[in-house]
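Biologist: Hi! Could you take me through this structure? I'd like to start with the charged side chains.

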Amino acid sequence: RGLYHMFVVVVPGTFHDWNAPRDIIHLTSKDLAVWKFESKLPLSSNRTIDPYIFKLDNGSWRLWYKDEVDHGYIHYVNSPDLYQWTVGGVAINDRPSEGPIVFHWRGSIWMIVDAWCGLGVYKSSDALHWTPQKENLLAGAGDLPTDRSEGHHADVAISNGRAFLYYFVQQEGPDMVPNKPESANRSVLQAVELTEQDGQLKADRNRPTFVSLAPAGDRYR
């Protein structure tokens, strides 16, 4: 309706350790250049990161985030209009994780999280109750150059029924550059096409991925 919305983590300062507040705030803009502060979201603690928002079938909104105080579990809040928010509760508490993303594909709602041993996958019919997938995506290492460690923080683009998973890896191991400082921490973005087999998501990172994106529609669907 003529406005852009941004939900972003704010750390108020530069710190030498993790002992600092981290809040999620809401900003709006008409031109992507000048931003207006709207609110600080009422969340479960002041150690929150990685917001991800999704439009529900009833037209309301749900935002997931990591609560670092509560064991690193994924929590959520609800809103009818992006301005008024109410605390929802815990979404994922079978393990700590971060970087949740949510998307609708092939008749189900999926959540992917960074579990630090690949990407954890959860499936839902209502974006409220989640069933974990037994196997993580992109665990371990791939075979292709610059893709030889586990996948981290992801997002998904859906186009013409195809789902493309974007993720990053760090260049520890054979792809390090010996004469470059901190080479093991150099990050490379990768893409792989998702498939679904028997209700489970799969990602064959060792096959070439040819991305073809149609003009953007409603990214929440």
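This is a predicted model: local features need pLDDT of at least 70, side-chain atom pairs count only at pLDDT 80 or more; totals for chains, interfaces and linings use all residues.

Biologist: How far apart are the N and O atoms where E68 meets R22?

Modeller: That distance is 2.4 Å. E68 also pairs with K66, at 4.0 Å from N to O.

Biologist: And where do E68 and R22 sit in the chain?

Modeller: E68 is in the loop between β5 and β6, while R22 is in the loop between β1 and β2. They are 46 residues apart, so this pair links distant parts of the chain.

Biologist: Are R22 and K66 buried or exposed?

Modeller: R22 counts as buried at 7% relative accessibility, and K66 is buried too, at 8%. E68 is partly exposed, with 26%.

Biologist: How many salt bridges does the structure hold?

Modeller: Eight. One of them joins E135 and K202, at 3.9 Å from N to O. E135 lies in the loop between β11 and β12 and K202 in strand β15, so parts 67 residues apart in sequence are tied together.

Biologist: Changing topic: which residues touch the most other members of the largest nonpolar core?

Modeller: W64, I112, W130, L137, L165 and L194, out of 35 residues in that core. Strand β9 gives the largest share, five residues. Another core lies apart from it, with 11 residues, including L43 and W85.

Biologist: Last one: what makes up the nonpolar surface patch?

Modeller: Y166, V211 and L213 make a patch of about 250 Å². L213 is in the segment after β15.

Notes
Residues are numbered from 1 along each chain as its sequence is written. Side-chain values use heavy atoms; hydrogens and water are left out. A nonpolar core is a set of buried Ala, Val, Leu, Ile, Met, Phe, Trp, Tyr and Cys residues joined through side-chain atoms within 4.5 Å. Buried means under 20% relative accessible area, exposed over 50%, partly exposed in between (1.4 Å probe, protein chains only). Helices (H or I, at least four residues) and strands (E, at least two) are DSSP runs, numbered from the N terminus. Patches are made of residues with over 30% relative accessible area and no salt bridge: like charges are joined within 9 Å, nonpolar side chains (Val, Leu, Ile, Met, Phe, Trp, Tyr) within 5 Å. Accessible areas come from the Shrake-Rupley method with a 1.4 Å probe; for residues, only the protein chains shown count as cover. A salt bridge is a side-chain nitrogen of Lys or Arg within 4 Å of a carboxyl oxygen of Asp or Glu.
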